Structure formats: C-alpha cells, structure tokens
Amino acid sequence: MLLDEIRFLAPELALLATALAVVLLDLFVKRKKVLAGVSFLGVLLAAGLSMMLWGGEPISVFYDVLWIDPFAVFFKFLFLAAAGLVVLCSQDYVSKFEKFQGEYYALVLIATVGVMLLAATADLIAVYVALELSSISLYALAAFLKDEKSTEAGLKYLLLGAIASAVLLYGMALTFGLTGTTKLASIAQTVTALTTSGLAQNPALLVAIVLLVAGFGFKIASFPFHMWVPDVYEGAPTPITAYLSVASKAAGFAIILRVFSVAFGSSALLSTNWGILFAVLSALTMTIGNVIALWQRNIKRLLGYSSIAQAGYLMVGLATVGIAAGIDKLGQSGLLFFLVSYTVTNLGAFSAVIAISNKVGSDLIDDYAGMGKRAPVLAPALTFCLVSLIGLPPTAGLIAKVYIFSAAVQHGLLGLVIVAVINTCISAYYYLKVVKVMWLGAPVSLERVPSSWALRAAVLVCCLLVLVLGIVPSSFIRLAELAAWTLGF
Amino acid sequence: MTVGLVHYLLLSGVLFSIGLYGVLAKRNVVVILMCVEIMLNATNVALVALSRYVVPALLTGQIFAVFVILVAAAEVAVGIAIVFAIYRKRQSVNINDFDLMKW
C-alpha cells in the first residue's frame, strides 16, 4: 500500500519540513542564529528517523522507485552528518550574506534531501530527478555570495553541470532503449541476456556506459570532467565548498556504485570491462589532481585539486568493484569506509580554513604564516586533517587507504595501486607545505584568530572521528561491510 | 518511405550534436543555455521514440520526458538568475570575460 510506504521517506520529509520552516521563520525572527539552530535540529531529527530504518530487511518501495536497504541508510547518515557539520561551520561565515540566511540553510537542507534520495534510487527517472534536486540547489548556493568570484563560480558550475546532465540523460535514454525499462534490477536481467560477449561487440551499450560514466564523472570530479572543480571551489562560499567536496562527491560515488553494480554488474565480462575503464580514469585523475596541486597558492584551490586526487583514490575502489565482478564486496566496503574517512577529514580541514581565512581576509597559503601561534586549536586541527589526507598514522586516512588498496591488490590491480602510492608520496609535498607555512612561517601579527563555539565543535568532532577511525576502525569497517553486503539485492 | 525508429534516433543524434556544438562554440551565456536546452530536447525525442517502438504498451519514456522538461525548466530558471547576478557585476554575458579564476 502506497500510503504506508511514506514512513520510509520520513527522514527526507523531516528535512523538507525543516527547510520550509526555516524560510518561514526567517520572516519573523530577528536573531538569525535561531535559523541555524532549527536547521541543526532538523538534521538531528532526520538522523533519528533514519535510525529507525537501519537494520530492516532490504525492500523496494513506491513501485520499485526507491530501495530502503542498509546501503541507502548508511549514506543517509553520511549526508546528514555532512549537512549538520556544514550548518555548524557556517556560523562564522553567514554574516557575509546577512539578508539571505533562511534561504541559505533551506537550500543546504534541500540539497541534502536530493543526495539522500539519490543514494536510495532504484530507477533511472528517480536517479535523474534526485541528482538534479541536489545539483540545482548547489548551483544557487555556489553563487550565493553574489560577488564577482562567487557568481562566476555559480555560472561555471551551472553551465558545465547542465551539459553533464544532458550527456547523462542521453546515456540513460540509450540504456532505456536497449533494455526497455528504467528499473535498475530489470535492466540487469536484460543486460545479462544481451552481453554474452564484451562491450566491444555491443556498440550501443558501450556508448550508453561511456555517456553514463561522463555524466556521473562530472559529479565526482573524475578526469577529464574535473575542470570545474578548482574554479567553483575557489569562488563558492567556503562552507558550500566543503559541502560540495564531501556530500556531492559521496552522492556521485553512491549512485555509480548503485547503477553499475546493480544494472551493469550482473555479467562478469561486462563488469570487468567497466572496471578497467574506471581503473584507467582513476590513475589519470589522481595524477592530474596531485601534480597540478603542487603549484597552487590558494588554499581552497589546493583543497579542490586535493579532492580531485582523492576522487582518484576512491575510484580505485570502483575499479576493484568492477574487476571483482561480485566475487566479494571488498571493493564496495573499502569505498564506503574511504568515503566516511574522507568526509570527516575534509570537513575538519575546511572548517579550520573558514575561521582562519575569515580572520586574515584571504585564502592565500602565504597568509597562513605563523597560524600555529595565532590559532592554538584550529592550526593543530588543520594540521591533523592534512596529515590524514596524506594518509599517515594515526589517522583515518591511513586505514582507509590501506583498506581500499589492499582490496585492489587482492583483485590483481597491483599496477594501479603502485601508481596510487607514488601519488600519495607526491601529495605529501603540498599538504606539508601548508603545515610548514603555518608552524614555521613568521606571523604578521600575534592577534588570535576568533571562532564561534559551533565551528570549534565541528572541528573537534571531525578531528575526534578522524582519530577514532584511525585507531579503532573495526566497528566502522563492519558498518561499511554491512552496507556493502546488501547493495541492491 | 516510412518513418521509423532509426529516423527518430538520427534526428535526436543530430539535435544533440548541434546542441553540443553550440555549447562549445558560442560565447554568449544565454545562447549556451539555449544550446543545453536543445541537447535536453534531443534526449526527449530519443526517449519518446524509443518508448513508442521498444515498449509500445507502456509510457515509460514519455513519463521520463515529462520529468526532463520539468527539471530543465527549473535548471534554466536558476541559470537565468545567475546570469542576471553576474551581469549586474560585470555588465557582460560574454563567457570570455569570466576569467577571474584560472588554473
């Protein structure tokens, strides 16, 4: 019965209601901090409601449009955590758009609804609508500052995003034409019957898959669809940059995992084919990201290229999923664990960047000189997060990399892992350059960097999680395995 | 000659290519947005034609096309709003002028 199934949408509905409430409250309340409080409570409520969905049998609802399985719920928690932390760390930033705070929080919440639905979709139409729900909110948010850089970022993001979605759509249309259905599970059956030979013998399917990879590749910032990343990351409001780099990217990986391992994962030959495609893209993405990052002088741009490189490491997981062809789920669980680790690490780093850049009034790395003395909480936190992004002990980054790379080696991707390890060494240079400037550079003044308690709380939660994931990762790994195990079946 | 699926798919492919060419070659932001619309409408033609010939009993492709039209409208609304915002700052809609951030 359809009406009964609405309870499975409770977390999303709670967020939407909160978004509406925030816009309405904005008209009446003078103290805009209330809006942040309400948004944060809405996120907590949605997390509570998601908790009730955890652990049930995987089912499909609304005529097979959405799946409610541990995979979907896992991502709901990830996105809600990201949204909550972004709301917290926005506190030091929202003064820049005093008049539009209600819309700001509402759009963040609506984008979160979009990515939460995206991770649960079981139908191409729903994939498209959920993807656009999150993207369109983020286009508006990227241009939210309305200054020259921010509008330019918004425009570039919108134009390239619209082209990417048109390309994605064409891939979906071809897939639909080949299989006669838009349901991922039914596509899988037809595709299995279709592909007794590999992709090369099925040009239409090849084109469809390439177009889908291009469309989704834009979302995760894979080479050669990464050109928007540095510009948009530099121009967008910093909390939105943080949100883009974690939630939007994680959503892209969620939907790629869903579409490819369900719809195109049933035939081992086909699965190996797209696994190799992702392996090649992965090596190129991480190399391009890391090498160009070496020259960056703006911290947001640097973190932008770093996020391209991290997307490359994450795609090692996708390649493993393809090559493994359903023998085991190590690739999937490695990818999920890496996403959790990357989310908390990057959010921690961006939160610290928000406060420091606010004080010094610039995003240039040179202006971070001497921050070790001026920001006794934020500078160590930023250092710790950058160390985790390199993947040194005792941080989440190390465990995540070891986990995802060892799974790849087990499936014979040794060459790719060697490229990844070399890349990790290259990345240490530019991450540690920031650390060096902060601790060894001479400060221009000794004035302390102010930060709100909300932002400090966000930074501390992130750092604590990075540490916990780095020292006792086993319970989180078990969660990732559980979520990966039921993926789409 | 009867018009069949192949003709519709050719039309759709040609439209998509024209749109893609326009996106890459045009310099006016509003024209680029129009070209994106051509690309989206090319997929609509493909969706409806495929639906008509592959699964004539169902309306899957037509429903998909309706969703695409709806989402495209929302996308263009936000797009035009951003073009307004940037025009107020720069007095230009030429994409070559938006080069504040590079590399």
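1. How many residue pairs are in polar contact between chain A and chain B? In this predicted model, the count is five residue pairs, with both residues of each pair at pLDDT 80 or more. There are also two salt bridges between chain A and chain B. One of the salt bridges joins the side chains of A:Glu152 and B:Arg90, with an N to O distance of 2.8 Å.

2. Helix 6 of chain A gives the most, with 21 residues. By class, this side of chain A has 23 nonpolar, eight polar and 10 charged residues.

3. The contact as a whole involves 41 residues from chain A and 44 residues from chain B. The size of an interface is often given as the accessible area lost when the parts come together. Between chain A and chain B the buried area is about 3600 Å². Carbon and sulfur atoms give 80% of that area.

4. The largest pocket has a volume of about 950 Å³. It is lined by 31 residues, and those closest to its centre are A:Lys156, A:Leu160, A:Ile163, A:Met227 and A:Trp228. Which elements give two or more residues to this lining? They are helix 6, helix 8 (203–220), helix 9 and helix 12 of chain A, together with helix 1 (5–25) of chain B.

5. Helix 6 of chain A gives the most to the lining of the largest pocket, with seven residues. Helix 6 of chain A also gives the most to the side of chain A that touches chain B. The lining of the largest pocket divides into 23 nonpolar, two polar and six charged residues.

6. The second largest pocket has a volume of about 590 Å³. Of the 22 residues in its lining, A:Phe77, A:Leu78, A:Ala81, A:Leu465 and A:Phe476 are the closest to the centre. By class, the lining has 20 nonpolar and two polar residues, and no charged residues.

7. Five helices of chain A each supply at least two residues to the lining of the second largest pocket: helix 2 (33–53), helix 3 (70–89), helix 13 (330–360), helix 18 (453–471) and helix 19 (474–485). Which helix gives the most to this lining? Helix 3 of chain A does, with eight residues.

Technical notes. Residues numbered from 1 in each chain as written. Chains lettered and ligands numbered in written order. Predicted model: local features only at pLDDT ≥ 70, side-chain atom pairs only at ≥ 80, totals over all residues. Heavy atoms only, no water. Contact = heavy atoms within 4.5 Å. Buried area = accessible area lost by both parts, 1.4 Å probe. Salt bridge = Lys/Arg side-chain N within 4 Å of Asp/Glu carboxyl O. Polar contact = N/O pair within 3.5 Å; in protein donor to acceptor, adjacent residues only side chain to side chain. Helix = DSSP H or I, 4+ residues; strand = E, 2+ residues; numbered from the N terminus. Nonpolar A, V, L, I, M, F, W, Y, C, P; charged D, E, K, R; others polar. 1 Å grid on protein atoms, 1.4 Å probe; cavity = no way out; pocket = protein on both sides within 12 Å on 5 of 7 lines; lining within 4 Å. Points joined across faces, edges and corners; volume = space filled by probe spheres on them.
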